[in-house]
Amino acid sequence: MAAARIRFGRVLRVESGDFYLLLGTTLFLVVFGLVMVLSSSVVESRIEDGGAFVQIGRQAAFAAVGVPVMLLASRMPQRVWMLLAWPAMAVSCLMQLLVVATPLGVEVGGNTNWISIAGFQFQPSEMIKVSMVMWLGLIVTKKQAQLGDFVHGVLPILLVGGGSIGLVLLGGDLGTVMIMGAMLIGALFLVGIRIRLLIGPVLVAALLFVIVAFSSENRMKRIMSFVQESCTKVDVDACWQIQHGTFALANGGVFGVGLGNSAAKWSWLPAAANDFIFAIIGEELGLIGAIVVIAMFVLLAIAFARVLRGARTPFGKAATASVMVWVIVQACVNIGVVLRVFPVLGVPLPLVSAGGTALLTTLFAIGIVLSVARNPDGGGSGRWLRGSVPATAGAAR
């Protein structure tokens with residue numbers, strides 16, 4: 001029993017500054033998110049769930065599981081993630097296939113991106129994101145000598161990664177598809193693949209994105225509500241959310257109306273605790289609170305970049321790059337939607353918005369990056385990589 005006991009003192013042993021920078025920033029955002037979910041969800045939770053603290057209770061439960069999972073993941077050597085990469089990708093894609101091809105799929109907000117099993121709902125697309133992190137690390141390691149060759153190196157990665165993204169696209173969740181596409185292309189660019197090899201796939205992806213965006217009446221309404229200055233020429237329902245998000249930000253001013261005093265959360269702003277939680281932050285904590293949140297994501301990006309720079313293995317570089325693009329691009333898109341820089345895309349603010357599956361998978365993915373920060377050389381994966389090709393893409397050119 002004593003041998004099986006988890007010693008968190010050893011989990012949090014003296015590590016590098018990059019490790020603690022990433023860990024500390026992540027934990028701050030999680031705690032801050034719990035406070036804001038509590039504040040923004042009490043009204044909706046009371047109406048929909050019969051209790052003011054039901055939603056925050058669920059979020060806190062996922063955080064209570066996710067943080068230890070992140071810490072334990074940080075202890076794993078990189079070879080563990082490489083061994084799990086293909087099984088994780090297969091299982092997550094199978095789950096997503098059940099969403100789009102069976103009655104188990106649940107439609108939320110016009111997108112079929114949830115699965116319900118035994119009364120429990122979760123998003124397999126979030127599982128695919130984590131699987132893609134491990135899989136990209138593995139495949140970049142295996143194909144290190146061929147990354148300068150589009151046909152034999154880059155194309156197979158795009159086909160498999162694009163196939164998993166296509167399963168999510170079948171459910172209509174264009175926002176998540178955009179984040180996953182950025183993960184795939186961004187990670188390949190950051191590990192050193194030449195831009196000329198990625199221009200073609202980026203153009204094809206952009207064309208497909210436009211076609212899918214304009215193929216749905218619901219998405220067309222969102223786009224029109226974005227380009228129109230007011231709701232006089234479009235369906236009022238389509239621009240209700242973005243307008244009331246703007247009203248909430250304006251109501252907050254510089255110093256905010258005070259924590260818990262939001263007016264928008266009283267059924268005026270849909271998804272106040274989810275996709276539009278940044279609007280509640282701006283209303284209750286004002287411009288100062290909004291700037292603090294943005295600054296924390298900038299600090300998180302710096303932490304990721306420092307870990308990426310210090311990683312000495314192809315897996316470490318690819319995994320860190322993909323998680324960095326995932327979290328930072330998703331944060332930029334979420335905040336940009338609230339600020340009316342982008343049309344409504346339906347992606348949550350990482351680590352802050354309500355959503356158990358998203359919080360758990362994001363913490364797990366950050367745990368993988370923490371394992372890279374803890375062991376930049378692979379953490380015992382030398383035998384796994386023995387005889388493999390050099391650790392930088394440039395060496396293959």
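These are my notebook entries on what I looked up in this structure.

**Entry 1: what I'm working with**

I kept in mind that this is a predicted model. I started with charged pairs, since side chains of opposite charge can pair when their charged atoms come close.

**Entry 2: salt bridges**

How many salt bridges does a search of the whole structure find? It turns up three.

I went to Arg306 and Asp18 to begin with. Their closest N and O atoms are 2.5 Å apart, and the two form a salt bridge. Arg306 sits in helix H11 (residues 277–310) and Asp18 in helix H2 (residues 17–49), so this pair ties together parts that are 288 residues apart in sequence. Arg306 has 36% relative accessibility, so I wrote it down as partly exposed. Asp18 comes out at 17%, and because buried means under 20%, Asp18 counts as buried.

Next I looked at Glu126 and Lys129. Their side chains meet in a salt bridge, with 3.3 Å from N to O. Both residues belong to helix H5 (residues 124–142), and they are three residues apart, about one turn of the helix. Are they buried or exposed? Both Glu126 and Lys129 are buried.

Then came Glu284 and Lys265, another salt bridge, where the closest N and O atoms are 3.6 Å apart. Glu284 is in helix H11, while Lys265 is in the loop between helix H10 (236–252) and H11, so the pair links parts that are 19 residues apart in sequence. Glu284 has a relative accessibility of 1%, so it goes down as buried. Lys265 is buried too, with a relative accessible area of 6%.

**Entry 3: around helix H3**

I picked Gln59, which is in helix H3 (residues 54–73). Its relative accessibility is 4%, so Gln59 counts as buried. What does the side chain of Gln59 have a polar atom 3.0 Å from? I found the backbone oxygen of Ser353 there. I then listed what Gln59 touches, not counting residues up to four places away in sequence: Leu34, Val37, Ser353, Ala354, Gly355, Gly356 and Leu359.

Gly57 is in helix H3 as well. At 37% relative accessibility, Gly57 is partly exposed. I also noted how far Gly57 is from Val37: their C-alpha atoms are separated by 9.9 Å, and the two residues are 20 apart along the chain.

**Entry 4: a nonpolar patch on the surface**

I turned to the surface and found a nonpolar patch made of Phe28, Val254, Phe255, Leu287, Ile288, Ile291 and Val292. Together they have about 660 Å² of accessible area. Which helix gives the most to the patch? It is H11, with four residues. Phe28 comes from helix H2, and its 37% relative accessibility makes it partly exposed.

**Entry 5: the nonpolar core**

I finished on the inside. In soluble globular proteins, nonpolar side chains tend to be buried together. Here the largest nonpolar core has 100 residues. Which of them touch the most other members? I got Phe297, Leu300 and Phe304.

I followed up on Phe304. Leaving aside its neighbours within four places in sequence, Phe304 is in contact with Leu22, Thr320, Val323, Met324, Val327, Ile328, Ile366 and Val369.

Definitions and conventions
Residues numbered from 1 in each chain as written. Predicted model: local features only at pLDDT ≥ 70, side-chain atom pairs only at ≥ 80, totals over all residues. Heavy atoms only, no water. Salt bridge = Lys/Arg side-chain N within 4 Å of Asp/Glu carboxyl O. Helix = DSSP H or I, 4+ residues; strand = E, 2+ residues; numbered from the N terminus. Buried < 20%, exposed > 50% of the residue type's maximum accessible area, 1.4 Å probe, protein only. Polar contact = N/O pair within 3.5 Å; in protein donor to acceptor, adjacent residues only side chain to side chain. Contact = heavy atoms within 4.5 Å. Patch = residues over 30% accessible without salt bridge, like charges linked within 9 Å, V, L, I, M, F, W, Y side chains within 5 Å. Areas by Shrake-Rupley, 256 points an atom, 1.4 Å probe, with all protein chains shown as cover. Core = buried A, V, L, I, M, F, W, Y, C linked by side-chain atoms within 4.5 Å.
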